[in-house]
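Please look over the model below before reading on.

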Amino acid sequence: MAEYDAIIIGTGIGGAAIGALLAHDGRKVLILDKNKIVGGRCTSYEHKGFTLDLGVHLFGVGDKGSLGEVLRMTGAPDAIDWVTIRRSSQQVGGETKKYSQKDMVKSLPADEQTNLTNLFARVHMITDREIDELWYTPVETWMNEFTRHPLAHAFIGSIVGQYFCVPSPEASAAEFIKCFKEVLVARSSAYPKGGCIAIPKAYLSVAEKHGGEIRLGADVKNITVEEGAAVGVRLKDGSELRAPVIISNADIKATVRDLVGPEHFPKAYADEIMNLTYADSCIMFKIGLKERITDDQLRMYMPDDRTPLNKASEEGKPDAAPAKVGGMIVVPTNFDTSLGPDEDKQLICFGTGIRTTGDWRKRDWDAWHKALRDSIYSAFPEAQDKVLWEKMDTPQLVDAYAGEEGNIIGVGQTVDQIHKRRPSVVSPLKGLYYSSAEAGGHGIGTELAASSAMELFAALKSQ
Ligand SMILES: Cc1cc2nc3c(=O)[nH]c(=O)nc-3n(C[C@H](O)[C@H](O)[C@H](O)COP(=O)(O)OP(=O)(O)OC[C@H]3O[C@@H](n4cnc5c(N)ncnc54)[C@H](O)[C@@H]3O)c2cc1C
């Protein structure tokens, strides 16, 4: 007999969100995670008196998008205390300006400025029907209709890199335009008090309030299949649990290959899942400072005027570390001073995407360490004599928490894996579903995972 209505594998954003939605809907849910801490890639942990996010996080539309919608749908609209971004800048080489469309336009030669202005205007005016025609067009191709100027491409490439962690020649123009438009209209990019872990914690507390059960340190070894349907899970400790609905928030490839077994799916489907590609992976450099040195909450850093965030991937040379790398710099303590040991201290987090091809674990991380270090101190030279500690994280850290070779987002939002080409939240195996940044959904990172959960909730309600 089934003990639960649904078993969810993973407390990442997608797992925690579907747990909240189903529990609030009156279903008996069990949420399992192999880790001892919740949140998957959206988790935070203590380091030398600071609270560090596993990644380098900022949230596209904060409360106004799917992250907030999950809480509104579950009667807990205020469960996350969002701090909306107010101070952001963009640095190109030695020059730092406000992070705004106007300043990007002004940075271009006079005869190019109208072209970028036209692109931004198009994003505001474009209709949903017109967007629908661009799902399978790369951002770069769409952009070339407006401008071919390298700096304009670097600016847009940086936004694409920040949103999707795939380069512009691969990213979907429709997904980019939709997300960019939502960010511009909402003007509510934000960071939650308590660090990024506040989001999965809020969802899981909703689930628990409505009778949901959460078990950490519960590593699922496989999903039990009987008579052509997923009916339960077996944990590595040998225990077995049953439910008619099994939802995987884990890596979609690992779910099909290791947890279920490809023999339980149509061959074409299993092959398709195995051929999916991930977004780029992240390397990060974080520094704790004994004094505050900046009021910026976000700085987009480009070492020169033609290097978007995913330059290394774009050139097909992901192995060699460049002298400096572009990336996103977030200052979490400028959103919430309690993330530092006291109000005077500052935490600066720099992250950039790299591709984990080949034997990536053996890459020359010291060279990358130097590139990131040199880059962050070019952005904030005044930080150098205020350092309490420095910490460099490779994709191995993210891989250890959430698998998928430490990639940033999940299944890449590229033209061949977007919209109708994206795996559905409903698998062809009866009783097996996905809720994560790997199936369905729309949006930036965590918002993609929360929207996958909402899509699955609607699908389960209609069954
Ligand atoms: C460096 C970095 C920077 C990022 N920056 C941003 C940002 O600025 N803005 C943004 O919105 N997003 C950002 N993201 C992306 C965002 O964090 C992810 O897209 C999102 O959190 C993925 O959620 P998910 O639901 O797919 O679950 P995941 O995070 O993939 O979690 C899956 C969970 O499943 C569990 N699990 C896996 N296998 C098993 C098993 N066998 N048994 C039990 N449990 C299992 C794992 O332990 C994990 O907790 C960033 C991510 C990283 C890594």
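What follows is a set of questions with reasoned answers on this predicted model.

The model is predicted, so to speak of local features a pLDDT of at least 70 is needed, side-chain atom pairs count only at pLDDT 80 or more, and totals for chains, interfaces and linings use all residues. Residues are numbered from 1 along each chain as its sequence is written.

Q: Which domains does the domain assignment give for the protein chain, and what distance separates the centres of domain 1 and domain 3?
A: Domain bounds come from an automatic or database domain assignment. The assignment gives domain 1 (6-83 + 194-276 + 411-461), domain 2 (99-186) and domain 3 (278-405). Taken over C-alpha atoms, the separation between the centres of domain 1 and domain 3 is 27 Å.

Q: Which strand gives the most to the side of domain 1 that touches domain 3?
A: In terms of contacts (C-beta atoms, placed from the backbone, within 7 Å), 25 residues of domain 1 meet 27 residues of domain 3. The residues on the domain 1 side divide into nine nonpolar, 12 polar and four charged, where Ala, Val, Leu, Ile, Met, Phe, Trp, Tyr, Cys and Pro count as nonpolar, Asp, Glu, Lys and Arg as charged, and the others, Gly among them, as polar. Helices (H or I, at least four residues) and strands (E, at least two) are DSSP runs, numbered from the N terminus. With four residues, the strand that gives the most to this side is E4 (residues 50-53).

Q: Between which domains does the ligand lie?
A: The shell around the ligand has 40 residues (C-beta atom, placed from the backbone, within 6 Å), of which Gly-10, Gly-12, Gly-40, Gly-55 and Gly-445 come nearest. Two or more residues each come from helix H1 (13-24), strand E2 (29-33), strand E14 (281-289), helix H14 (395-402) and helix H15 (446-461). By class the shell holds 18 nonpolar, 16 polar and six charged residues. Both of the domains in question give residues to this shell, so the ligand lies between domain 1 and domain 3.

Q: What is the strand order of the open sheet of seven strands, and which are its edge strands?
A: Pairing requires that DSSP finds at least two bridges between two strands. In this sheet the pairing is mixed and the order is E7-E6-E15-E16-E17-E14-E18, while the twist averages 20° from one strand to the next. Pairing on one side only, the edge strands are E7 (95-98) and E18 (387-393).

Q: What angle does the direction of helix H13 make with that of E14?
A: Axes are lines fitted to C-alpha atoms, for helices over the stretch in contact, and angles run from 0 to 180 degrees between N-to-C directions. Helix H13 (residues 365-379) packs on the sheet and touches strands including E6 (88-92), E15 (298-302) and E17. Helix H14 lies across E14 and E18 and runs at about 105° to E14, whereas for H13 the angle with E14 is about 50°.

Q: How many residues of E17 are buried?
A: A residue is buried if 20 or more other C-beta atoms lie within 10 Å of its own, exposed if 12 or fewer, and partly exposed in between, with C-beta atoms placed from the backbone. Both faces of E17 are covered, with Ile-348 and Phe-350 among the buried residues on one side and Leu-347 and Cys-349 among those on the other. The strand is largely enclosed by the rest of the structure, because the number buried is nine of the nine.

Q: Is Lys-48 buried or exposed?
A: Lys-48 lies in the loop between strand E3 (44-47) and E4, and has a positive phi of about 50° although it is not a glycine. Because Lys-48 has 11 C-beta neighbours inside 10 Å, it counts as exposed.

Q: With which residues is Met-104 in contact, leaving aside its neighbours within four places in sequence?
A: Met-104 lies in helix H3 (residues 101-106) and is buried, with 25 other C-beta atoms within 10 Å. With those sequence neighbours left aside, its contacts are Leu-116 and Phe-155.

Note on methods. Two residues are in contact if their C-beta atoms, placed from the backbone, lie within 7 Å.
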